[in-house]
Amino acid sequence: MKILYRLTCAGMALAASLVFAAENVVKDGGPYVPTPQVVVDAMLDVAGVGPRDFVVDLGSGDGRIVLTGATRHQASGMGVDIDGELVDLANASAQRLGVAQRVKFHQQDVFAADLSRATVLTLYLLPGMMERLRPKLLKELKPGARIVSHDFDFGEWKPDRSVEVQTPEKYDLTGNWTSTVHLWTVPAAVEGAWAGSQAGGRGGPFRLEVRQRYQHFEGRLVRDTQVSDLRDAQIEGARIRFSAPGADGRLEIFTGTVQDGTITGELRGGNAAAVVRWSATRVP
């Protein structure tokens, strides 16, 4: 799917000021090349950034992703970069744009960054670094946090969505007219066994056995001697959904929320005349 993004006047002013500053920062490895502003806008739009978000940019450069999030979307945020000069440039831009009370940039290795506040994480890093960061992101980001990356992905962890962005200014650097923006929603960890029950003792206790592969999972539901494979299994953030045949053979649909080693939710279908509450606790 191709989407053409255009800059607003405010975005153009911000982009112009940051590009001018960034192009005058020359490092040992060559001139610093910022993410095109049209891609920045696309990344924030695809992630659905809003005033309640805290955006963390790893490898933040001149800070334009976090700064655009603050000026255009009223978000808060933090940038992390190993280059002290670029960090100083970004903090100075935050002061000039009047958003320094909501955003801050730190000189730090990305692997040491505190991700606990992030609701949105942005990246423009090479594939090797992306794959090295993958375990940290899955461990430290809360379920439901959105990750958005420019061009590069996480290898075997496939994105939930990818959007192509027209980027003519990129042609001279890469020979491509487009960029790709990838989006992931961090899934809750549900791998393992869970002991479940329905409200009011209906249906008897059951056991969930789950095998998870990032945002996808499969498994089985065990009731006494009845063993059923899970069907239509989905997980998005902390929300889980699957179905399995009930004791009478009719399909039951389970939906729920995963939090602190517990799943709570609702069951529909089967022999129940109404919605039934269910819960499950992780088995050590």
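This is a short tour of a predicted model, stop by stop.

**Before you start**

Residues are numbered from 1 along each chain as its sequence is written, side-chain values use heavy atoms, and hydrogens and water are left out. Because the model is predicted, local features need pLDDT of at least 70 and side-chain atom pairs count only at pLDDT 80 or more, while totals for chains, interfaces and linings use all residues.

**Stop 1: the whole protein**

Show everything as a cartoon. The protein has 6 helices and 19 strands. Helices (H or I, at least four residues) and strands (E, at least two) are DSSP runs, numbered from the N terminus. Of the 284 residues, 47% are buried. Buried means under 20% relative accessible area, exposed over 50%, and partly exposed in between (1.4 Å probe, protein chains only). Among contacts with a separation of 6 or more, 54% join residues 24 or more positions apart. A contact means heavy atoms within 4.5 Å.

**Stop 2: helix 2**

Select residues 37-46, which are helix 2. Here 9 of the 10 residues are buried, so helix 2 is largely enclosed by the rest of the structure. The buried residues include Q37, D41 and V46. Now step just past the end of helix 2: G48 takes a positive phi of about 65°.

**Stop 3: helix 2 against helix 3**

Axes are lines fitted to C-alpha atoms, for helices over the stretch in contact, and angles run from 0 to 180 degrees between N-to-C directions. Show side chains: Q37, V40, D41, M43, L44 and D45 in helix 2 meet R64, I65, T68, G69, R72 and H73 in helix 3. By class, this contact of helix 2 with helix 3 has 4 nonpolar, 4 polar and 4 charged residues. Ala, Val, Leu, Ile, Met, Phe, Trp, Tyr, Cys and Pro count as nonpolar, Asp, Glu, Lys and Arg as charged, and the others, Gly among them, as polar.

**Stop 4: aromatic pairs**

The structure holds 10 aromatic pairs. Rings of Phe, Tyr and Trp (its six-membered ring) pair if their centres lie within 6.5 Å; planes under 30 degrees apart count as stacked, over 60 as edge-to-face and the rest as tilted.

Select Y124 and F152. Their ring centres are 6.3 Å apart and their planes are at 20°, so this pair is stacked. Y124 lies in the loop between strand 7 and helix 5, and F152 in the loop between strand 8 and strand 9, so the pair ties together parts that are 28 residues apart in sequence. Y124 is partly exposed at 32%, and F152 is partly exposed at 25%.

Next, select W157 and W184. Their ring centres are 6.1 Å apart and their planes are at 50°, so this pair is tilted. W157 is in the loop between strand 8 and strand 9, W184 in strand 10, 27 residues apart. W157 is buried at 0%, and W184 is buried at 0% too.

**Stop 5**

Return to the cartoon. An open sheet of 9 strands runs in the order 14-13-12-11-19-18-17-16-15, with antiparallel pairing. Two strands pair if DSSP finds at least two bridges between them. Strand 14 (226-229) and strand 15 (231-236) are the edge strands, each pairing on one side only. Finish on residues 239-245 and 251-259: strand 16 and strand 17 run antiparallel, joined by 7 bridges. There, F242 has F254 in strand 17 as its bridge partner.
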